[in-house]
Amino acid sequence: MTAVDELPARLAAITTVTRDLAEESAIRDAEHILPTEQLRQLLDAGVGALRVPVEFGGTDAPVRVLAEVLIDIAAGDSNLAQIFRGHLGLTEILRFTPPGPARETLLRAAASGQFFGPAGAELNTTNLSTLSTGLRRSGHHYLLTGRKYYTTGSLYANWLNVLVRENGEFVSAIVSRDAPGVTIVDDWDGFGQRLTASGTAVFDDVRVDPEYLLHHRNPLANDYMEAFYQFVHSATQAGITRAAADDLATLVRGRTRSYPLASTPDPSGDPQVLQIVGEVWSKAYTARANVLLLADALDEFHAAPSAQQAQRILLDSAATQVVNTELAGAAIWHLFDAGSAGAVKSGLALDRHWRNARTVSSHNPAVYKAALIGDHTVNGAAPRSFLNSAAEDLEPRA
C-alpha cells in the first residue's frame, strides 16, 4: 500500500477513535482520570505518524490534514489535542534535522506509535538565555541536570525533548523517558486542561548521547516552529469552540422549560435562543476556518521556505491566535444565554469549555501577538521567533 493509499485508511481509523472521545470527557475532567487509554488509541490509529515522512514509515500528511484531525480531537477532549503538541513539535523539528542516527531512530519511533514529550520552559524564568537546566561533558557523552515545568504530555511519553544551552547555542537534548535520573511529576494545578500533565520534569545526571543533541541553527526552521506550536494551540481553541456549539445544540434540543419573557414556551423554537445557537456555531466555523488557512500557509512554507514566507507564517499564526482567543471566549460566554440557569448545573460540566479555552489562551497571551502584528503594520518591524531572538542574547558581545 502506498502512502497515498494509506492516508485515507489512517484517517478513517483516527475518526473511529475521535468520535468517541467526548463520551466521558466531562467525567475524566471532574475526577482527574488521565486519558492514557484514549491517547494510546489515537497513537495506534496513527495520529503521531501523520507528519512523519513516508521513508520512515509515516504518511507525510499535509499540515492541513493534521489541522482537521487536531480540531476533531480537541472537540472530543481538548486535553488530548494539547498533549499532542510536544510530539508534533519534535516531529516537525526532526523534519528539518540533517540525516543522522537520532533522526532515523526517532522518526521511526513516531511512525511505530511511540510518543514524544516536551521539556522546554522553566518555572522561574521566561528568558531562554537564562535557562538553568544544562549539560556537562562526561567522557564520550553528556550528563543532563535541571528542572523543567509546563512539560505538557511528558508523563505519557517514551522520549523527552529537553531544551538547553550548549556552547553558545540552543539544542534539544533527546532522552528516554525511562532513563535513570528522569522524574516526571503530574503537579499541574491549572483550572483548565487538567489532564495534560503540564507539570514538572526533573533530570538528575541523565546520560545524553552526542548524536541525540539536535541543534537549532536554522533561523527559518526556528520561525516555522514558533508558528507551528501556536497553530496547535489555535486548533485546540477551534475544537473547544466546536464542542461548546455541539453541547449547546444538545442542551437546547432537550430543554422543556422556557423563560417568562420568551416569545414561545418551546425553547427549541424560540427565535432568540436559535439565534444564539447559530452565532455560537458560526464562531466555531470561523475558528476552524482560521486554523485551516494558517495550515495552508505552513504547507506553503514547506513547499518553498524563505524569509518572506517565515515572516508571513509568524504573522498569520499570531493573527489566528488573537482572533480564535476572542471567538472561543465570546462563544462560550454566549452559550449560557441560550441555556439559561439549567446550563450551569455542574453535571453538564459546560464550564470546562471556558476553563480549557482560557487556559490554552493563557500560555501565549494574545495581547503580545496583537502588538507584534501592530508593530509590523505600523512600523514595518519584522516579526521574529522567540528562539531566534534569544539566540542573539547567547552570542558574545563586542
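This briefing describes the overall form of one protein and then several of its residues and strands.

The model is predicted. The protein has 398 residues, and 53% of them count as buried. Its secondary structure comes to 12 helices and 8 strands.

**Overall form**

- The C-alpha trace of the protein spans about 80 × 50 × 45 Å along its principal axes.
- The radius of gyration is 22 Å, which agrees with the value near 21 Å that a compact globule of 398 residues would have.
- Among contacts in the protein with a separation of 6 or more, 77% are between residues 24 or more positions apart.

**Glu-92, in a helix**

- Glu-92 belongs to helix H5, which covers residues 78–96.
- The relative accessible area of Glu-92 is 0%, so this residue counts as buried, the cut-off being under 20%.
- Beyond its neighbours within four places in sequence, Glu-92 is in contact with Arg-51, Tyr-224, Met-225, Phe-228 and His-302.

**Phe-56, in a loop**

- Phe-56 lies in the loop that runs between helix H3 (36–45) and helix H4 (63–76).
- With a relative accessibility of 8%, Phe-56 is also buried, because this value is under the 20% cut-off.
- When residues up to four places away in sequence are not counted, Phe-56 touches Arg-103, Glu-104, Leu-107, Arg-108 and Ala-111.
- From Phe-56 to Asp-189 the distance is 38 Å, C-alpha to C-alpha, and the two residues are 133 residues apart in sequence.

- Strand S1 consists of residues 116–119, and both of its faces are covered.
- On one side of S1 are Phe-116 and Pro-118, and on the other are Gly-117 and Ala-119; all of these residues are buried.
- In a regular strand, side chains alternate between the two faces of the sheet.
- S1 is joined by 4 bridges to strand S4 (residues 159–166), and the two strands run parallel.
- Phe-116 has Trp-159 as its bridge partner in S4.

Notes:
Residues are numbered from 1 along each chain as its sequence is written. This is a predicted model: local features need pLDDT of at least 70, side-chain atom pairs count only at pLDDT 80 or more; totals for chains, interfaces and linings use all residues. Side-chain values use heavy atoms; hydrogens and water are left out. The radius of gyration is taken over C-alpha atoms; the globule rule is 2.2 Å times the number of residues to the power 0.38. Buried means under 20% relative accessible area, exposed over 50%, partly exposed in between (1.4 Å probe, protein chains only). Contact means heavy atoms within 4.5 Å. Two strands pair if DSSP finds at least two bridges between them.
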